[in-house]
Amino acid sequence: MTGILNKKEAYRKAVSEIRAVTDGEKDLTANLANISAVLKWALPYYSWAGFYILKDGELVLGPFQGKPACIRIKPGRGVCGRCATEKESIIVDDVREFPGHIACDPDSRSEIVVPVLRSGELKAVLDVDSAAACSFDEEDRRGLEEAAAIAASLF
Ligand code: SME
């Protein structure tokens, strides 16, 4: 349930806006903050969108849009930690069915996490939540992997 008619078009616009706002800027915090903001406001069914950055073997909360979230996630833990370990995107239709899901926001029902990889090396994960079940599909995966590829090039 997303209430959006054309996800593909929404991601096309968001990705082009991400290219525009990051063009020529080298500051990582500013770039990741703008990427989260563009995504959160382009896709109305998102309740949270942001980055966890790999630092000293742990995922640490980075720039995001949404309610306050847990700060540190160990590899393998929760959806983000699993994504970091497997280096593959993960779509969770109902977080209540995902063993070990870390409930930052009790209203979150579905989630997608995409790895941010530079030359195969994990730099961060891009995490998006929705308050409705089954919000994310292959269109979200494609769009967010494109956004993650831009983010990776900025590390
Ligand atoms: N639910 C995530 C934790 C991060 S929040 O959703 C912002 C997880 O299980 O990894």
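Let's start with Pro 75: its relative accessibility is 41%, so this residue counts as partly exposed, since that class lies between the under 20% of buried residues and the over 50% of exposed ones. Keep in mind as you look around that this is a predicted model. You can find Pro 75 in the loop that links strand S3 (72–73) and H3.

With 3 residues, H3 gives the most to the shell around the ligand. Strand S1 (48–55) and strand S6 (121–130), like H3, each supply at least two residues of that shell.

Who are the neighbours? The ligand has 13 residues around it, and those that come nearest are Val 79, Cys 80, Ile 102, Glu 111 and Asp 129. Sorted by class, the shell holds 8 nonpolar, 2 polar and 3 charged residues.

| Residue | Atom of the residue | Distance to a ligand nitrogen atom |
|---|---|---|
| His 101 | polar side-chain atom | 3.2 Å |
| Ile 102 | backbone N or O atom | 2.8 Å |
| Glu 111 | polar side-chain atom | 3.0 Å |

On its own, the ligand has 310 Å² of accessible area, and the protein covers 99% of that. The space that the ligand takes is the largest cavity.

Notes. Residues are numbered from 1 along each chain as its sequence is written. This is a predicted model: local features need pLDDT of at least 70, side-chain atom pairs count only at pLDDT 80 or more; totals for chains, interfaces and linings use all residues. Side-chain values use heavy atoms; hydrogens and water are left out. A residue is near a molecule or strand if one of its heavy atoms lies within 4 Å of it. A polar contact is a pair of N or O atoms within 3.5 Å; within protein, one must be able to donate a hydrogen and the other to accept it, and residues adjacent in sequence count only if both atoms are side-chain atoms. Accessible areas come from the Shrake-Rupley method with a 1.4 Å probe; for residues, only the protein chains shown count as cover. On a 1 Å grid over the protein atoms alone, a cavity is a set of points where a 1.4 Å probe fits but cannot get out, and a pocket is an open set with protein on both sides within 12 Å along at least five of seven lines; lining residues have an atom within 4 Å of a point. A molecule sits in a cavity or pocket if more than half of its atoms lie within 2 Å of its grid points. Helices (H or I, at least four residues) and strands (E, at least two) are DSSP runs, numbered from the N terminus. Ala, Val, Leu, Ile, Met, Phe, Trp, Tyr, Cys and Pro count as nonpolar, Asp, Glu, Lys and Arg as charged, and the others, Gly among them, as polar. Buried means under 20% relative accessible area, exposed over 50%, partly exposed in between (1.4 Å probe, protein chains only).
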